[in-house]
Amino acid sequence: MRACLLILFFFSTQLFAEQKVWLTWKNDPTSTMTVMWISPDSEKNDEVHYKKSDKADWKVAKGKHWKLPNRKPFLVHKVDIQGLDADTIYNFHLGDKSKTLKFRTMPTSLIQPIRFVTGGDAYHKSLKRYQAMCRQAAKQNPRFAIIGGDIAYAVAKKDSEEDWKKWQEFFGCWSKEMRDKDGCLIPLLVTIGNHEVTGSFNRSMNEASFYYMFFEKATYALNFGNYAHFTFLDSNHTQKIHGKQTDWLAKTLKNSRNQPHRFAIYHVGAYPSSGKIDSQTSRLVRKHWVPLFEKYKVNACFESHDHAYKRTHPLLKGKKASDGVVYIGDGSWGVPPRTPKKRDYLAVSAKKQQALVVELSSTKRTFKSVDPDGKVIDTYEQAIQGR
Ligand SMILES: [Fe+2]
């Protein structure tokens, strides 16, 4: 018994030996950074020490922590650092200078193009597969990354609790691999998928307790300076598609219509590649959200859940139209890919594990799908003029 406990302790400390730190934004990405991390529950420090990389003096930002569900002996910490300079690299640490990390704020305008990566269905069964995609995504030197649900496949199964080890491995790999060419941690933005929720669809936030402990929200919006807008949505997992969420979406898209680059992110697609066209969720997305994406001319919707690569034609009311909305992605960051079906709305599809690299400039946006070896699966370009 004692030997068993010692072995268990050894593996849990080994798993926790690497830092589980991630960056995200809860506020303006040009002047703030949110630092989050997981620690054993004995480490209650909620301070981040930070300084511009070319300055000597450290400042301290204070935050808060909360306990994980299911009596796990760990804490989630959050520190919002405010008043940062735009487009600037900062050094930071959590109290141990020897473990100094770096972050970079976003620019206020698109003087230079910026790049981000997006995908979904990240850490399925194979850590190797997830890690390979992370490595390739980081090689693209993105300023941030978006995972559109099914993040760690840790959801509680019948008669068992949520797989906490999967979350630790997800964050451990993310902290280690997702660094840009200057060594800055790449901020993570997410929304929720069915594998974060016990029961998958039509559930409450209580049934996705770990997701909400780590990420706090599934429906939110972020504006980047005067150049980009992102709306994150919950495709019927813990919030209904119609009603309150759709009303919020209408207001949010209306208020952001002057941003030149506009995107929506949610898990289950309006226009799936390998799944059923007429699943209840896809029908509800088409009925309630697609008319708003079309009305407010969203440039692209990043969809997941189908474990393949897809890019639709620009679509209006389900038909090809040059000024329509493109639905792209389909969730194959770290899963074995599935075979897409033949569908009229698909311009390109592939049975491929991939991440999408999106570059925004003042005149255009480009989309490039890459596999874990860096092989380009598809490229697509949209000009800003005429939108
Ligand atoms: Fe899914």
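This is a predicted model: local features need pLDDT of at least 70, side-chain atom pairs count only at pLDDT 80 or more; totals for chains, interfaces and linings use all residues.

Residues are numbered from 1 along each chain as its sequence is written, and side-chain values use heavy atoms, with hydrogens and water left out.

**Helices α2 and α3**

- Helix α2 (residues 127-139) and helix α3 (residues 164-177) have axes that come within 10 Å and cross at roughly 30° (axes are lines fitted to C-alpha atoms over the stretch in contact, with angles from 0 to 180 degrees between N-to-C directions; helices are DSSP runs of H or I, at least four residues, and strands are E runs of at least two, numbered from the N terminus).
- The two helices, α2 and α3, are therefore roughly parallel to each other (angles under 35 degrees count as such).
- On the α2 side the contact (heavy atoms within 4.5 Å) involves Leu127, Tyr130, Gln131, Cys134, Arg135 and Ala138.
- From α3 come Glu169, Phe170, Cys173, Trp174, Lys176 and Glu177.
- Sorted by class, the contact of α2 with α3 has seven nonpolar, one polar and four charged residues (Ala, Val, Leu, Ile, Met, Phe, Trp, Tyr, Cys and Pro count as nonpolar, Asp, Glu, Lys and Arg as charged, and the others, Gly among them, as polar).

**Helices α5 and α6**

- The axes of α5 (residues 244-255) and α6 (residues 280-295) come within 10 Å and cross at roughly 5°, which makes α5 roughly parallel to α6.
- Gln245, Thr246, Leu249, Ala250 and Leu253 of α5 meet His288, Trp289, Leu292 and Phe293 of α6.
- This contact of α5 with α6 has six nonpolar, three polar and no charged residues.

**Cavities**

- The structure holds two cavities of 30 Å³ or more (a cavity is a set of points on a 1 Å grid over the protein atoms alone where a 1.4 Å probe fits but cannot get out, and lining residues have an atom within 4 Å of a point; a volume is the space filled by probe spheres set on the points, which are joined across faces, edges and corners).
- The largest cavity has a volume of about 80 Å³.
- Its lining has 15 residues, of which Thr118, Gly119, Phe302, Glu303 and Gly329 lie nearest the centre.
- Strand β15 gives the most to the lining of the largest cavity, with three residues.
- The second largest cavity holds about 40 Å³ of space, and its lining has six nonpolar, no polar and three charged residues.

Technical notes:
Angles under 35 degrees count as roughly parallel, over 145 as roughly antiparallel, 65 to 115 as roughly perpendicular and the rest as oblique. On a 1 Å grid over the protein atoms alone, a cavity is a set of points where a 1.4 Å probe fits but cannot get out, and a pocket is an open set with protein on both sides within 12 Å along at least five of seven lines; lining residues have an atom within 4 Å of a point.
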